[in-house]
Amino acid sequence: MDFLSRRTVRKYKDKPVEKEVIMELMKTALVAPSGRNRRPYEYVVVDDKELLQKLSVSKDGGAGFMADAPLAIVIFVHDTPTCLDDGAIASTVIQLKAHELGLGSCWIQTMGKANSEGRSTEEVIKELLNVPAELKLHNMISLGYPDEEKPAYTENDVDMAKLHFNKF
Ligand SMILES: Cc1cc2nc3c(=O)[nH]c(=O)nc-3n(C[C@H](O)[C@H](O)[C@H](O)COP(=O)(O)O)c2cc1C
């Protein structure tokens, strides 16, 4: 897979993501690496338009485009010592696999966020999706077939000054 061509996509074609494609994506997500292989993640796949609209306003800014996305994956984690790492890795795996499948995606940060009325994003989303209280909301990802083109990263974007061998 060409990782340099993966870019965040926030505009999607008005075309549903096929069930087989969703299952292919989620199979990969369900074996994403995790500390001690605990796999503390739980995923809620959302394709219901009304729910997508409500998710799009569950935080005050930065998620509005989700209302027009055909699909979202909301990532929750059980409370384990590595659950924050595991949730982030799972999300990255989802974004990379989505790219391989020809889908565009955008990570939407939700931790510590609130909606425009000041209500916790986590509380709003857990209520909306009927999620058990003991789970933590990690983040959400909007997905769909891209309706915008972004250039792939090139050598010019690669900052070699951040790369260190043996010693800083
Ligand atoms: C931890 C994290 C949080 C992000 N949160 C948001 C967000 O809330 N809303 C949004 O539109 N994009 C969000 N993004 C997408 C970034 O803006 C995007 O990845 C970044 O600008 C780099 O662009 P690229 O993915 O095309 O390389 C987030 C990305 C990461 C990794």
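User: Where is arginine 36 found?
Analyst: Arginine 36 is in the loop between helix 1 and strand 1. Helices (H or I, at least four residues) and strands (E, at least two) are DSSP runs, numbered from the N terminus. Heads-up: this is a predicted model, where local features need pLDDT of at least 70, side-chain atom pairs count only at pLDDT 80 or more, and totals for chains, interfaces and linings use all residues. Residues are numbered from 1 along each chain as its sequence is written, and side-chain values use heavy atoms, with hydrogens and water left out.

User: Is arginine 36 buried or exposed?
Analyst: Arginine 36 counts as exposed, at 75% relative accessibility. Buried means under 20% relative accessible area, exposed over 50%, and partly exposed in between (1.4 Å probe, protein chains only). Its phi is near 50°, a positive value in a residue other than glycine.

User: And what about phi of asparagine 130?
Analyst: That one is near 60°, again positive in a residue other than glycine. Asparagine 130 lies in the loop between helix 4 (121-129) and strand 4, and it counts as exposed at 69% relative accessibility.

User: Switching topic: which residues are around the ligand?
Analyst: Around it are Arg6, Arg7, Thr8, Arg10, Lys59, Gly62, Phe65, Cys106, Trp107, Ile108, Gln109 and Tyr153, going by a heavy atom within 4 Å.

User: How much of the ligand does the protein bury?
Analyst: It buries 61% of the 610 Å² that the ligand exposes taken alone, with areas from the Shrake-Rupley method and a 1.4 Å probe.

User: OK, now the core. Which residues touch the most other members of the largest nonpolar core?
Analyst: Leu25, Tyr43, Ile73 and Ile94, out of 22 residues. A nonpolar core is a set of buried Ala, Val, Leu, Ile, Met, Phe, Trp, Tyr and Cys residues joined through side-chain atoms within 4.5 Å.

User: What does isoleucine 94 touch?
Analyst: Leu25, Ala29, Tyr43, Ile73, Ile75 and Ile141, not counting residues up to four places away in sequence; contact means heavy atoms within 4.5 Å. Apart from that core lies another, of 20 residues, including Phe65 and Val131.
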